[in-house]
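Here is a short briefing for a first look. Keep the sequence and the 3D view open while you read.

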Amino acid sequence: MNHQSERARRLERISEYRAARRSGNSASEAREQVDDGDEDQVRITDFAAKADFEIRQATARGDFDNLKYAGKPIPGLGTSLDPDWWVRGLIEREQLSGLAPAPFRLRNEDAELDGMLDRQFQESRVREILEDFNRQVIDARRQLQGGPPVVTKTRDIEQEIARWRERRAVRAAQAAEVAPQQASRPPWWRRRRRGLG
């Protein structure tokens with residue numbers, strides 16, 4: 001027991017010596033605390049005490065203040081062991097898309113397809129997008145690599161184009177209703193000249 005307490009005291013003095021050297025104190029003051037033979041012996045044998053001392057020093061300096069998860073649970077800690085945890089973390093941090101298995105990616109694309117089609121101005125482009133989507137769904141169904149099943153359905157191109165035309169007509173009617181209200185008001189540069197705006 002006495003041997004261990006002496007060893008811990010020696011380690012602490014060594015760590016203080018190193019900290020004094022790093023902080024700029026004179027080497028003669030630091031050398032008085034520790035002789036070189038003890039430092040080599042302890043450096044090889046007890047890394048845990050040195051690490052503990054370094055952590056205490058860093059805490060005293062404030063190196064651990066304002067960390068991202070200070071006082072909060074670390075996300076994902078305590079859940080089941082996932083061999084691809086780092087890949088999932090990278091995808092979440094970098095917000096990568098297109099890396100998911102085809103069934104998941106196709107479900108997301110299917111949900112966003114109407115919005116994408118509504119942003120198109122030409123029927124030929126709408127047709128191309130629908131043909132590409134259907135091709136991806138069929139290719140995903142043909143894969144023999146396993147994984148989750150593909151539940152996304154192909155889209156009927158003619159029916160989707162008819163729906164696209166209807167949505168476009170509704171938007172044009174809404175724009176026509178708003179246009180007379182805006183036309184009655186003079187442009188901003190004329191209002192400014194007259195002192196209206």
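Start at Arg167: beyond its neighbours within four places in sequence, it is in contact with Asp114, Leu117 and Asp118. The model is predicted.

**Around Arg167**
- Arg167 sits in helix α8, which covers residues 157-183.
- With Asp118, Arg167 also makes a polar contact, side chain to side chain, at 2.6 Å.

**The whole chain**
- The protein chain holds nine helices and zero strands.
- Read from the N terminus, its elements run α-α-α-α-α-α-α-α-α.
- The chain has 197 residues, and 19% of them count as buried.
- Among contacts with a separation of 6 or more, 58% join residues 24 or more positions apart.

**Helix α7**
- Helix α7 spans residues 123-142, 20 residues in total.
- From first C-alpha to last, α7 reaches 29 Å, close to the 28 Å expected at 1.5 Å a residue.
- Its buried residues are Val126, Ile129, Leu130, Phe133, Asn134, Gln136, Val137 and Ala140.
- These residues lie on the same side of α7, because they cover an arc of only 155 degrees around the axis.

**Salt bridges**
- Side chains of opposite charge can pair when their charged atoms come close.
- The whole structure contains 17 salt bridges.
- Glu123 forms a salt bridge with Arg127, with the closest N and O atoms 3.7 Å apart.
- Arg127 and Glu123 are four residues apart in helix α7, so about one helical turn separates them.
- Arg127 is partly exposed at 26% relative accessibility, and Glu123 is partly exposed at 29%.
- Glu123 also meets Arg165 in a salt bridge, at 2.7 Å from N to O.
- Arg165 lies in helix α8 and Glu123 in helix α7, so this pair ties together parts that are 42 residues apart in sequence.
- Arg165 is partly exposed, at 45% relative accessibility.
- Arg135 and Asp132 form another salt bridge, their closest N and O atoms being 2.3 Å apart.
- Both lie in helix α7, three residues apart, or about one turn of the helix.
- Arg135 is partly exposed at 43%, and Asp132 is partly exposed at 33%.
- A network of salt bridges links Asp110, Asp114, Arg155, Glu160 and Arg163.
- Asp114 of that network is also in contact with Arg167.

Conventions:
Residues numbered from 1 in each chain as written. Predicted model: local features only at pLDDT ≥ 70, side-chain atom pairs only at ≥ 80, totals over all residues. Heavy atoms only, no water. Helix = DSSP H or I, 4+ residues; strand = E, 2+ residues; numbered from the N terminus. Buried < 20%, exposed > 50% of the residue type's maximum accessible area, 1.4 Å probe, protein only. Contact = heavy atoms within 4.5 Å. Polar contact = N/O pair within 3.5 Å; in protein donor to acceptor, adjacent residues only side chain to side chain. Expected span 1.5 Å × (residues − 1). Arc of directions from axis to C-beta. Salt bridge = Lys/Arg side-chain N within 4 Å of Asp/Glu carboxyl O.
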